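The sequence and model are shown first.

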Amino acid sequence: MFTSIAFWLLAVIAVVSGAAVFRVDSMARATYALAVSFVAVGAILLLFDLDYVGVITILMMMMEMAIMGVFMIMFMGMNPALMPMDMVHSKKASAAVSLSVFVMLSALALLIPWPSRRGSPDGDVTAALGEALMESKMLVMLVISSILFATIVASLVLANPGGRYGQASDGAIGGKQRARHPDGGGK
Amino acid sequence: MTLEGVLIVVAALFCVGLYGALSQQAIVMVMMGLELMLNGVILAVAAFWWFLAPAPEGQVLLLVVIAAMTVEMAMGFAVATLVHRSRGSDMTDMAGDLSG
Amino acid sequence: MPMIEPVVQVSPLWVVAAAVLLGILAMSGAAFNGVLARREQTGGPLPATVRTGRSAGALTPLVETARLLRQRRRSSIAADALLWRIGIGGLIVAALLMVTVIPLGRWTVADLNVGVVWFNAMDVMVWALVWMAGWGANSAHSLIGGYRFLAQALSYELPLMFALITPAVAAGSLRVGDVVAAQSSLWFIVTMPVAFLIFCASVVAFSVWGPFSSAAGSDIAGGILAEVSGVDRLLLLAGRYALLAAGAAFAVPMFLGGGAGPVLPDWAWTLVKTLLVLGVLIAVRRRLPLIRPDRLAVPAWMIVLPVVLLQILVVSLLSVRS
C-alpha cells in the first residue's frame, strides 16, 4: 500500500517535472526540472529494491544536470528574469507524433499478456550486481569503459578551442587562436 | 502498482521527451528531450526487472543505459560547443548543412 | 578493546534526534571558529564573526543567529526566488540526509546497504544547491561564486569518490555498518592515510570552507554570500557548518573505527572523534591560503587522482592477501 502511494506520487512528480522542462521560461529552471524528474525516477528504482542503481541514478543525474545548467545558460543566455521564450519548430507535428506514440505504447503496455515473474531478487541485490559485473558480465563493463574513454578523448578534441598548437589560454599562441575564434576559450 | 501502470508512466515520460526532442530548436534543449526519453527507458528496464525477471542482468542493462546517457551528454555538449564556436548559434535549424 | 557490536537500525523518528545532534555539532564548530577568530582578531571577510567590532568568541553562533534573525531579509531585482531558496535551505537538508546513514555508536537511522554511495549522492546534491544559491540572486558576484564552486567540484569530486570507495573495498561492503565492523582489529586510517586526507580535503571543499572557499571569496564580495541577508544568510552559513560537521562525522565510521575506544561508551567515542575531526577542519581555514579553482584542476587530476588510485591498489592488495 505504502509502495503504491509512493510510486504514484513519484511518477506524477517525474512526469510533471519532465513536462515542465519544456514549459518554463528559464534555462536554470528547465535544467533542474529535468533533475527533479531524474531524482523521482531514481527514487522509484529504490522502491523496486534496486538500491545501488537507484542511488547511482540520482548521483549521476544531479551531477550531469549541474553541469548541464552551465551549458544551457552559456548557449541560451537567459537570465533569471524569466524571459518568455518559445523556440520550437513544427510544434503540431511533434505533438501529434508524440501523442500517437504515447497511445501506441500505452496500448502495448495494456494489451500484451505479460508473463508472470520468473525467480525472485537475490538477497543482496547490490552484491549480485557486483558479482555479475566482475564475473559473467565483465565483457559489458570492459566495452563500456573503452567507449567512455573514447568519448572523453573525442569530446575534448571536438570542444578544445586550442588544437595542436596548444591551449587557447597558453599566452602568445593563445592570442593567435583567440584572433581566429573571438569567443573561443581563453581567459 | 502494476507492470501496466509503470509502463504507462514510462510511455508518458518517453513521449514528453520525444515531443521536446522533435520540437525544440536549441541543441541543448533537444538533448534534454533525449535525456527525458532515456529516463523513461531506465524506468522501463527497472519495471521489467522487478515485475518479470529480477536477475542481475537487468541491473547490468540499467548501468549500460546510464553510461549511454553520459556518452550522449558528453558528445552532445562537445558538438554544441563546436557548432556554437564556429557559427555563433546553437540552433538545429541553422546546422542543416551538416546532414547528408 | 571491546568487541564492536553490529549496527542496529533505529526507528526513522530518531531522525529528529539526528537533526538536533547535527545542529549541536554545527554550532560547536561555529563556536570554535569564533574562539579562533577572537584569538586572532583579524576581522576576516567571512561573516562567521561579527563583522564590526570584536568577535564574540564562543558565543559567536548565538550572537550571529540573533543578529541575522533580526536583520531584514533583502532580495534583489528579478531574483529567481524559487531556485535561490532551494539552494539556501537545501544545504542543511543535504547535511541531514548525509547524517542519516552515519552510525552513532551502534545506532543508525538508515542502515542502507549502499550507505557509502548515499553519502556520495548527497554531496553531489551540494553541487546543484551551491550553484542555485549563486544563481538565484541575479547578481554577477553571486553567479561567479556559483560557477567557481562547480569548477572546484569538478576537481574534488573524483578524488572524493575514490577516497570513499577505499574503505568500502577494504570492508568488502558499501554498508557503513560493515565498514565499521571491518575495523575491529585495525582502523582504516592506518592502512589508508592518503584516502583519509583526501576525504577531509574534499569535505572542506564541498563545505565551501577554508582553502576551498573561493566560491564565497572576498574578491567577489562574498560570492554566494554576496546578496543573502537575514534568515537566508543564517541558513546558508549554518548549512556550511552542517556540511562540515556531517563530513567530519562520516570520517569516523569510514576511517576512525566508528565507536571503538576504551572506557567511554561507543556513542560518546563517535562524538568525541567527530568533534576532533571537525575542530581540525575548522582550524584549517586559518592555516592554509585560498586555492583558486582553475589552479586546483591540474594538481587534482594529475597528482591527487593517481595517488588515490594507488591507495586503492595498495588497499586491494592488502585485502586480497588477508
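Two residues are taken to be in contact if their C-beta atoms, placed from the backbone, lie within 7 Å.

## Basis of the model

This is a predicted model, in which local features need pLDDT of at least 70 and side-chain atom pairs count only at pLDDT 80 or more, while totals for chains, interfaces and linings use all residues. Residues are numbered from 1 along each chain as its sequence is written, and chains are lettered from A and ligands numbered from 1 in the order in which they are written.

## Fold of chain C

Among contacts in chain C between residues at least 6 apart in sequence, 79% join residues at least 24 apart. Chain C has eleven helices and two strands (DSSP runs numbered from the N terminus, with H or I over at least four residues for helices and E over at least two for strands), and along the sequence these follow the pattern β-α-α-α-β-α-α-α-α-α-α-α-α.

Of the 322 residues of chain C, 55% count as buried, a residue being buried if 20 or more other C-beta atoms, placed from the backbone, lie within 10 Å of its own, exposed if 12 or fewer, and partly exposed in between.

## Contact between chains C and A

The contact takes 22 residues from chain C and 22 residues from chain A. On the side of chain C that touches chain A, helix 4 (115-136) and helix 5 (140-171) of chain C each supply at least two residues, and helix 4 of chain C gives the most, with eleven residues.

## Helix 6 of chain A

Helix 6 of chain A (residues 138-159) has 22 residues and reaches 32 Å from its first C-alpha to its last, close to the 32 Å expected at 1.5 Å a residue, where the expected span is 1.5 Å times one less than the number of residues. Of these 22 residues of helix 6 of chain A, the number buried is one, so the helix lies largely in the open.
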